[in-house]
Amino acid sequence: MTINSYITVTIKLLIIFVPLLLSVAYLTLAERKVLGLMQNRKGPAIVGPWGLVQPIADGVKLLTKELIIPSQANKFMYYIAPIISFTLAILAWAIVTMDQGVLLSDLDIGVLYFFAISSLSVYAILLSGWASNSRYPFLGAIRCAAQMISYEVAIGLIIISVILCVGSLNISEIVLSQKSVWLIIPLFPAAIMFMVASLAETARAPFDLTEGESELVSGFNVEYSSLSFALFFLAEYSNIILMSCMMTIFFLGGWLSPLGDPLDPIAWFLAPTGALSGGSAVWFFTKSSIFILFFLWSRASFPRIRYDQLMKLLWKTYLPLSLGLVVLTAGILIGFNGVPPPY
Amino acid sequence: MNPEFKTIFYSTLLGVGIILLLVSISFALGNSRIGSTRPDSEKSSIYECGFDPFGKIRTPFAIKFVLVGILFMIFDIEVSFLFPWSIVFNQLNLFSFWVVYTFLVILSLGLAYEWLKGGLEWD
């Protein structure tokens, strides 16, 4: 690579990184607001107008807090775990296509890359739980690892049934192939399963057994404070946004507009710029926000399930179902001569 | 090497760099007059609710978790076999289609065996 392309990549990464941090910050505010409104109270409303400065105040507070290092921890692993966690959370964004060609790296194996990165994030949690050398993080990390690896199998099989319909691992190809019909319509059960599995994969309520404050205090991050805790926190919320974006890409046609250009209000605004190709990043973020709201809504609505129910749900329900769905999708595609054209 | 992978590699380094910068800023702030660092033995001992921690921390845990790990390995390898099949299956003939189905049937039989033997029960 030339020096110019290094500069380009640096700028692109910052363009992803800074809005990501901001959106994670405001997602925490949105979560508290939405939970508050759902419980008939106001949520944060003191710091700034409607509490809008709250996330910045929280961030500054976390940064200036004392970094407590447990005396019995394995120091190196203890430090490296949050860094790994957050690095992986950023890196997964390299393949998220927000509009035609708006992404960091147009990998031909984008889906595999996403899958690999989300598998690796288990290591950060296991490392943190082990290195803390404390009882609650240890139990939380083991639970979280078992939960995440289990649900990865289901997510993998669901993604395979998507790829069977698309015929490519490239994210842009996946979105563009949904021009005629969004994949949520032919693959509706898979979409629902992906939504629930992504709740479990990010360890959000009602699957937040890794945190389970009534039994594990806070799970794998009990011993972390200050920025090392903030990194885990940022990684968790960035993963929520990432899973919502992947849901949009796989099933809701990414940046594609649900309306024709003459009916599309966003297209009217974009028409003078000529940036119009049947959709825009505005649609992408609108659709993703709906799924982010789903994450918050399910936290307000459902009680935490038991660990045996969690495991039963995956191994006895989702795994056979998603396996069957792969077989069924391939069978229908072959039987009705609907295989995607060779890429 | 594919330039896209170079981009990924470079952005990995850059991402780690940004985070290390954040961590060092936090250290600097924590040790400055804004924050404060007053370690004491109670604060830096491991967390426990209301009493001194006792016993070994890294105790043996339920074998179920290991079993889940083994099951995961089987099915994740299956998923990684299916990924290449899923992108080229439009170029394959009917025979290879049935070969993959046979593979899936064998795995499903394994899952059924595990289920009947009670390996999926969690209690």
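Modeller: Start with the largest cavity. Helix 3 of chain B gives the largest share of its lining, four residues. Keep in mind that this is a predicted model.

Biologist: Which residues line the largest cavity?

Modeller: From chain A, Met311(A) and Trp315(A). From chain B, Lys64(B), Leu67(B), Val68(B), Leu71(B), Gly119(B), Leu120(B), Glu121(B) and Trp122(B). Helix 12 (307-335) of chain A and helix 3 of chain B are the elements that give two or more residues to this lining.

Biologist: What makes it a cavity and not a pocket?

Modeller: A cavity is a set of points where a 1.4 Å probe fits but cannot get out, whereas a pocket is open. About 60 Å³ of space lies in the largest cavity. The search of the whole structure finds one cavity of 30 Å³ or more.

Biologist: How does its lining divide by class?

Modeller: Seven nonpolar, one polar and two charged residues.

Biologist: Now the second largest pocket. How much space lies in it, and what lines it?

Modeller: About 460 Å³. It has 19 lining residues, and Val122(A), Leu126(A), Ala145(A), Ala146(A) and Ile149(A) lie nearest its centre. Helix 4 (110-132) and helix 5 (135-166) of chain A, with helix 3 (63-88) of chain B, each give two or more residues to the lining. By class, the lining has 15 nonpolar, three polar and one charged.

Biologist: Why is Cys144(A) called buried?

Modeller: Its relative accessible area is 1%. Buried means under 20%, so Cys144(A) qualifies. Cys245(A) is also at 1%, and therefore counts as buried.

Biologist: How many disulfides does the structure hold?

Modeller: Zero, over all chains.

Biologist: What does UniProt place at residues 111-130 of chain A?

Modeller: The unreviewed entry lists a "transmembrane region" there. In the model, that stretch is 100% helix and 0% strand, with end C-alpha atoms 30 Å apart. The entry also lists residues 76-96, where the chain is 76% helix and 0% strand.

Methods. Residues numbered from 1 in each chain as written. Chains lettered and ligands numbered in written order. Predicted model: local features only at pLDDT ≥ 70, side-chain atom pairs only at ≥ 80, totals over all residues. Heavy atoms only, no water. Disulfide = S-S within 2.5 Å. Buried < 20%, exposed > 50% of the residue type's maximum accessible area, 1.4 Å probe, protein only. UniProt positions renumbered as here; feature names shortened; annotations may be inferred. 1 Å grid on protein atoms, 1.4 Å probe; cavity = no way out; pocket = protein on both sides within 12 Å on 5 of 7 lines; lining within 4 Å. Points joined across faces, edges and corners; volume = space filled by probe spheres on them. Nonpolar A, V, L, I, M, F, W, Y, C, P; charged D, E, K, R; others polar.
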